[in-house]
Amino acid sequence: MIRIEVGSADFDIGVETAKVAGQGGGAIASFVGQVRDDGNLQSLELEHYPAMTDKALRKIAETALSDWPLHAVTIIHRVGTLSVGENIVLVVTGSDHRGAAIEACSFIMDKLKTVAPFWKKETRTDGAAKWVEERASDVDASEKWQK
Amino acid sequence: MDRSLDIVYFAWVRERLGTDQEHVQLGDGIETISDVLDMLVARSDVYADIFADIAKLRFALDQDYGVPASPIGSARELAIFPPVTGG
């Protein structure tokens with residue numbers, strides 16, 4: 001069971017975790033990414049490529065489902081303007097055992113960061129705006145899953 | 001045969017070009033993503049500047065990742081954008 005959501009609306013972690021738990025198994029892993037306060041960040045603008053986003057996220061979820069014994073995968077990613085402390089992304093995985101749930105959750109986040117067509121633009125408190133650049137550590141984390 | 005392609009741009013590529021999409025006719029000999037880039041670069045310095053370092057760009061044909069050498073084939077949409085930074 002795969003659930004993909006991309007939009008401006010916020011998500012409720014408790015509700016989403018319960019939905020995955022309801023699909024069976026007793027091991028639920030989740031990751032929440034939020035806008036990090038690094039000192040003078042005002043907000044983030046999240047842009048995406050709508051025609052490709054759903055396809056890319058679904059492919060990542062399908063790979064996770066074929067590589068780990070999962071009952072359910074939920075991926076929610078927000079777009080638009082987000083302030084410091086707001087939720088950006090949620091991944092929830094459900095399995096019979098924690099190893100598979102935690103590993104698959106980590107895999108999905110690593111792939112999402114390097115494959116899913118989202119772009120972040122930072123606006124600082126002084127009004128300066130800048131597109132976030134790709135991080136080598138994210139690319140390394142994604143490539144370590146190649147088997 | 002009439003061959004044409006929609007090109008869509010995102011993030012700083014979109015901002016620097018000042019447009020998020022355009023429709024182009026593909027002439028004889030335009031077979032790969034790289035050929036399309038060369039065609040655009042020949043149009044103006046703005047394209048030449050943006051496409052100067054293609055290692056900093058990513059490409060998708062009909063919403064699947066491609067590389068400069070990928071053939072356009074029957075694809076309808078080429079996307080050009082910087083490395084993704086979601087999550």
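# Exercises on a predicted two-chain model

Chain B has three helices and five strands. The model is predicted.

## Exercise 1. Fold and dimensions of chain B

**Solution.** 
- Step 1. Along the principal axes, the C-alpha atoms of chain B fill roughly 40 × 30 × 20 Å.
- Step 2. Check burial. Of the 87 residues in chain B, 23% are buried.

## Exercise 2. The sheet of chain B

Work out the strand order of the sheet in chain B and find which strands stand at the edges.

**Solution.** 
- Step 1. The five strands of chain B form an open sheet, E2-E1-E5-E3-E4, with mixed pairing.
- Step 2. Find the edges. Strand E2 (21-25) and strand E4 (64-66) of chain B each have a single partner strand, so one side of each is left without a neighbour in the sheet.
- Step 3. Note the twist. From one strand to the next it averages 30 degrees.
- Step 4. Take one pair. Strand E3 (residues 58-61) of chain B pairs with E5(B) over four bridges, in the antiparallel sense. Within E5(B), Ile80(B) stands opposite Phe59(B).

## Exercise 3. Fold and dimensions of chain A

**Solution.** 
- Step 1. Count the elements. Chain A has four helices and eight strands.
- Step 2. The C-alpha trace of chain A spans about 50 × 35 × 30 Å along its principal axes. Buried residues make up 35% of its 147 residues.
- Step 3. Look at contact range. Of the contacts in chain A with a separation of 6 or more, 78% are between residues 24 or more positions apart.

## Exercise 4. A covered strand

How many residues of strand E6 (residues 87-95) of chain A are buried, and how does E6(A) pair with E2 and E4 of chain A?

**Solution.** 
- Step 1. Check cover. Eight of the nine residues of E6(A) are buried.
- Step 2. Take E2. Strand E2 (residues 27-34) of chain A runs antiparallel to E6(A), joined by eight bridges. One bridge partner pair is Gln34(A) and Asn87(A).
- Step 3. Take E4. Strand E4 (residues 70-78) of chain A also pairs with E6(A) in the antiparallel sense, over seven bridges. Here Thr74(A) has Val92(A) as its bridge partner.

## Exercise 5. Where the chains meet

Describe the side of chain B that touches chain A, then the largest nonpolar core.

**Solution.** 
- Step 1. Count contacts. 13 residues of chain B are in contact with 21 residues of chain A.
- Step 2. Name the elements. Helix H1 (11-17) and strand E5 (77-81) of chain B each give two or more residues to this side.
- Step 3. Sort the residues. Nine are nonpolar, four are polar and none is charged.
- Step 4. Turn to the core. The largest nonpolar core has 51 residues; those with the most contacts inside it include Ala104(A), Phe10(B) and Phe81(B). Helix H3 (residues 98-115) of chain A gives the largest share, eight residues.
- Step 5. Zoom in. Leaving out residues up to four places away in sequence, Ala104(A) touches Ala64(A), Trp68(A), Leu70(A) and Thr93(A).

Notes:
Residues numbered from 1 in each chain as written. Chains lettered and ligands numbered in written order. Predicted model: local features only at pLDDT ≥ 70, side-chain atom pairs only at ≥ 80, totals over all residues. Buried ≥ 20, exposed ≤ 12 C-beta atoms within 10 Å, placed from the backbone. Contact = placed C-beta atoms within 7 Å. Nonpolar A, V, L, I, M, F, W, Y, C, P; charged D, E, K, R; others polar. Core = buried A, V, L, I, M, F, W, Y, C linked by C-beta atoms within 7 Å. Pairing = 2+ DSSP bridges. Axes fitted to C-alpha atoms, helices over the stretch in contact; angles between N-to-C directions.
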